[in-house]
Amino acid sequence: MQATTYMSTLPAESTETRLLEAAARIFALKGIEGASTREIAREAGVNEVTLFRKFGNKDGLLAAVVENIFGLKAKIAPEKPISDALDLRSYLVEYVRIYSEIITTNLPLIRTMVGEIHRFQDHERQVFHAVFRPLRQMLAGRLDREKASRGVTHSTSSEMVVDQLNGMIFMDVLRRSSTFAKLKYSSAAYRKSCVEMVLATVLAEVKK
């Protein structure tokens, strides 16, 4: 069985780190509903009582796992991971690289969440609000600033453009993870095309 790697944002030896990384592995392998707090605690090498003390219950642990990997605390997505000094094309290229890396690295867990998170109604909104939030807000803000600098007052919502870009990148990673996908173009070519589509949208708005 292939090992799955998750990016932690906490000190390497902390109990919380071990619990979050163990939970990410077990959630990905057995699903959210199938994972037990006892198994997660055993995987982390700690007492189950310690898990409850730190996270309350499995739902609280799930929310913490997602926030740790994808949210505001995540190393891969700090508040401003891309230099605003870059021109828009370079900025988008870097954004797409980071976004693709997040999805590729954590695809097993993402698949699990997409398939099962609806069963956890109390935490559904909290969990998905944390996923990719920093990057989404960052790029939407950059697009808004770009429009303002060009004098664009009426245009497509920047958040909508970001969501469309994110969806395209997600689908590319998802398809390339399948052994049945036979795509006639490379991932690099696909990502470049996505960037050009966003640029064309911004430039088209400028001409109006």
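Let's start with a helix pair: helix 2 (residues 37-44) packs on helix 3 (residues 48-55) at an angle of about 105°, and their axes are 8 Å apart. Helices here are DSSP runs of H or I with at least four residues, numbered from the N terminus. The axes are lines fitted to C-alpha atoms over the stretch in contact, with angles running from 0 to 180 degrees between N-to-C directions. That angle makes helix 2 roughly perpendicular to helix 3, a label that covers 65 to 115 degrees.

On the helix 2 side, Thr 37, Arg 38, Ile 40 and Ala 41 meet Glu 48, Leu 51 and Phe 52 of helix 3, where contact means heavy atoms within 4.5 Å. Sorted by class, this contact has four nonpolar, one polar and two charged residues. For that sorting, Ala, Val, Leu, Ile, Met, Phe, Trp, Tyr, Cys and Pro are nonpolar, Asp, Glu, Lys and Arg are charged, and the others, Gly among them, are polar.

Before going on, a note on what you're looking at. This is a predicted model, in which local features need pLDDT of at least 70, side-chain atom pairs count only at pLDDT 80 or more, and totals for chains, interfaces and linings use all residues. Residues are numbered from 1 along each chain as its sequence is written, and side-chain values use heavy atoms, with hydrogens and water left out.

Take Leu 165: neighbours within four places in sequence aside, it touches Leu 92, Tyr 95, Val 96, Leu 139, Cys 194 and Val 198.

Thr 17 sits in helix 1 (residues 15-30) and is buried, with a relative accessible area of 2%; buried means under 20%, exposed over 50% and partly exposed in between, with a 1.4 Å probe and protein chains only. Thr 112, in helix 6 (residues 107-116), counts as buried at 9% relative accessibility, and its side chain reaches the backbone oxygen of Pro 108 at 3.1 Å.

Finally, Gln 137 belongs to helix 8 (residues 133-149) and counts as partly exposed at 48% relative accessibility.

Conventions. Helices (H or I, at least four residues) and strands (E, at least two) are DSSP runs, numbered from the N terminus. Angles under 35 degrees count as roughly parallel, over 145 as roughly antiparallel, 65 to 115 as roughly perpendicular and the rest as oblique. A polar contact is a pair of N or O atoms within 3.5 Å; within protein, one must be able to donate a hydrogen and the other to accept it, and residues adjacent in sequence count only if both atoms are side-chain atoms.
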